[in-house]
Amino acid sequence: MSEPILKVENLKKYFPIRGLLRTVGYVKAVDGVSFEINKGETFGLVGESGCGKTTTGRTILRLIEPTDGNITFEGKDVTRLKGEEMKWFRRKAQIMFQDPYSSLNPRQTVFEIIMEPVRFHGIEVDDPEEFVIKLLESVGLNEMHLYRYPHEFSGGQRQRIALARLLALKPEFIVLDEPTSALDVSVQATILNMMKELQREHGFTYLFISHDLGVVKYMSHRMGVMYLGKLVEVGPADKVFENPLHPYTKFLLSAIPVPDPELARELKKQRMKVEGEPPSPINPPAGCRFHPRCPFVKDVCRREEPPLVEVEKDHYVACWLYAKS
Amino acid sequence: MQEEYKKGILDRLADKFVDALGSFISLFKKDWKRRNRSKMEEWKLMLYALNRSPPGLIGLALVLVFVFLGIFGPMLSPWNYRFFPSLYNPDTYLAPPGSEFTLNVTELRNGQFVNYVTTIKFPLGADHYGRDLVSLILYGARVSFVISIVVIVLGVPLGIILGLIAGYYGGKIDELIMRITDMFLAFPALILAIAFSAVLPSRLQEFISSHEILKQLTLWLFALKPQDAGNLGKLLAVIFAMIIVWWPAYARITRGSTLTEKENLYVEAARAIGLSSWSIMFKHILPNIIGPILVYVTLDFGGVILMEAGLSFLGLGATPPIADWGRIVYDGSQYFPEKWWLVTFSGFMIMLVALGWNLLGDTLRDILDPKTRRSIEFKVKKAKQMEEGEENA
């Protein structure tokens, strides 16, 4: 459980903004993110829309080239992989997307969709049909669906097909990019449980990206909270939920809807108030990026960026309330 | 609105046709029919939709007739296009439709002069060599057919490939390809084609004369006699010129569709699998954007034929005595309106073919678009459920 399978250090991704003739600025989507994921665990990444969590996931898989930083997967530097080694990495690390309506090629049958990665990576299969049927059964579909097209399936079924496509490669590390946010709640639960089940069975390592805190709590062993391209808090999921340290985390947690109206009214009184919108990642505020909205803002927050400090065991936070300047 | 769906004769024919096609492919690819049931279902739906569009059926019929004439026309032709009756009987010069003449023919066959008497009928009249217009139109069909196929088959894929590359890679490659495309699009297509077909013939003639096999092949394709080998240069020049002006439009549309299509997550999923850019372009993006392009191709078949006729009318392209519809209109225009039949009948053929392709293209646009096909799909499903319900009861 303790050896890191993936190590991300100071990962940066800046998207250039092109003016008429030259680059006029950068969108700093991911700006110095570091974390580790241990083998067999789920690392949850939460944050609001536009905070860079999806970009982080894609950059780790090199679907987007990182601007700077190191990514180490099973001891190999992912940013420098080429040729056969890259092919190896593509097989070991996979991604599942948010939108099941566009992640499957509408012109391929389920059989073709699942067999394509298998053929490309030269995985030997005795009987392709039987192989695909077994995979389909493991995600709760059946033989009947083998030669159908994606448009003949519901959202949940499509997500299952996408999952079967991943399983065909037997990867070790999977980025789950909000895999259930496009589905309704009952289907969400089945898919999430299936993923947990598969993790237990095959020992997958997940990077679970979501804006849904409840889902992250349910899925993750450890989690990170992102704000405007930076990690503000990292720690074991239960500790982060029980004892949130960063003001932004506290704010997020207080915004989780409560299914009891009495309690909700009570909580609303003591809810943390955070004003305004997140600033633009093109021109992030100096010092701590949360300072314009933070109720506990101090002078130092405006000047210097807070370092990530360990407050309790394995629980890190980047906030001047806990760090010494 | 509550129109019930009933299968007509045409629909049943469509069913049979698709099933037969499936069985036929299964002969070569094992299990194809079983694996592609969904695809065959979709083909059937498209054919049902076609059956419900009279203009589409008319277009299809016209196109099929044209294709038939294009392939078999020269064989069906009663007279050879290089047989000049006015040599034997001056009265056949511009003979009107329905007239009939007796010819006293002297021909050189195997080094000997042969004399015989024959009668020639002109159902649609004769041209200024006394040639039968029916035969000319049949030979002309082959010329138009081959030219349109060659231009489309060579020009369209060129445009598609360049458009795919530009759209998929973006950045500098995109800029380079699209600026070149813009250069071609900056001139009116016809003007550019005129320029090229005026410049190219001598070079092409040289080339084709020095390659015997190519020469024979071209003559065979156009159903021409060996005596016309010297006229191939101009014909090929027109084809070349049209290919050159035809691809930019396709590069444009393909690039546009590629730009929208590549945003889909399945493209990213394919990249995550590790597939090369090339196979993503051709196996994932292309099949998803080919529909609208096919519609364009269909509409453009008519366009190519019109432009070819236009170029021939301007004196470029086919040289007499090669039978070419545009050329016949050009030659006939000098005698119009007194000798109206040359212009009228060949012009009418050009119009019918262009109309046929356009009607077919318009209908294809409708039936390839899932949104317009949805209603018929719905009706078919309902009808099927009713049928099954009856069987169960």
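Student: Which residues of H12(B) meet which residues of H14(B)?

Tutor: First, the conventions. This is a predicted model, in which local features need pLDDT of at least 70, side-chain atom pairs count only at pLDDT 80 or more, and totals for chains, interfaces and linings use all residues. Residues are numbered from 1 along each chain as its sequence is written, and chains are lettered from A and ligands numbered from 1 in the order in which they are written. On the H12(B) side the residues are Gly291(B), Leu294(B), Val295(B), Thr298(B), Leu299(B), Phe301(B), Gly302(B), Ile305(B), Leu306(B) and Ala309(B). They meet Ile350(B), Val353(B), Ala354(B), Trp357(B), Asn358(B), Leu360(B), Gly361(B), Leu364(B), Arg365(B) and Leu368(B) in H14(B). Contact requires C-beta atoms, placed from the backbone, within 7 Å. Helices (H or I, at least four residues) and strands (E, at least two) are DSSP runs numbered from the N terminus.

Student: What makes H12(B) roughly antiparallel to H14(B)?

Tutor: The two helices, residues 277–313 and 341–368, pack at an angle of about 170°, with their axes 8 Å apart. Axes are lines fitted to C-alpha atoms, for helices over the stretch in contact, and angles run from 0 to 180 degrees between N-to-C directions. Under 35 degrees counts as roughly parallel, over 145 as roughly antiparallel, 65 to 115 as roughly perpendicular and the rest as oblique. The angle of about 170° therefore makes H12(B) roughly antiparallel to H14(B).

Student: How do the residues of this helix contact divide into nonpolar, polar and charged?

Tutor: The contact of H12(B) with H14(B) has 14 nonpolar, 5 polar and 1 charged. Nonpolar covers Ala, Val, Leu, Ile, Met, Phe, Trp, Tyr, Cys and Pro; Asp, Glu, Lys and Arg are charged; the others, Gly among them, are polar.

Student: Why is Val65(B) called partly exposed?

Tutor: Val65(B) has 14 other C-beta atoms within 10 Å. A residue is buried with 20 or more such atoms, exposed with 12 or fewer, and partly exposed in between, C-beta atoms being placed from the backbone. The count of 14 lies in between, so Val65(B) is partly exposed. Val65(B) sits in helix H4 (residues 54–76) of chain B.

Student: What is the largest nonpolar core, and which residues have the most contacts inside it?

Tutor: The largest core has 173 residues, with Ala241(B) and Met242(B) having the most contacts inside it. A nonpolar core is a set of buried Ala, Val, Leu, Ile, Met, Phe, Trp, Tyr and Cys residues joined through C-beta atoms within 7 Å. Helix H5 (residues 133–169) of chain B gives the most to this core, 19 residues. Beyond its neighbours within four places in sequence, Ala241(B) contacts Ala193(B), Phe196(B), Ser197(B) and Leu200(B).

Student: Why are E2 and E5 of chain A edge strands?

Tutor: The open sheet of 4 strands runs E2-E1-E4-E5 (chain A), with antiparallel pairing. E2 (23–38) and E5 (76–77) each have a single partner strand, so one side of each is left without a neighbour in the sheet.

Student: How do you know that E1(A) and E2(A) pair?

Tutor: Pairing takes at least two bridges found by DSSP. E1 (residues 4–18) of chain A and E2(A) have 12 bridges, in the antiparallel sense. Tyr14(A) stands opposite Lys28(A), and Ile17(A) is opposite Gly25(A).

Student: Which residues of H3(A) are buried, and what covers them?

Tutor: Val110(A), Ile113(A), Ile114(A), Met115(A), Glu116(A), Pro117(A) and Val118(A) are buried. Their cover includes helices H4 (128–138) and H5 (155–168) of chain A together with helix H11 (265–273) of chain B.

Student: How many residues does each chain give to the contact between A and B?

Tutor: Chain A gives 23 residues and chain B gives 17 residues. The largest share of the chain A side, 4 residues, comes from H3(A).

How values were computed: Contact = placed C-beta atoms within 7 Å.
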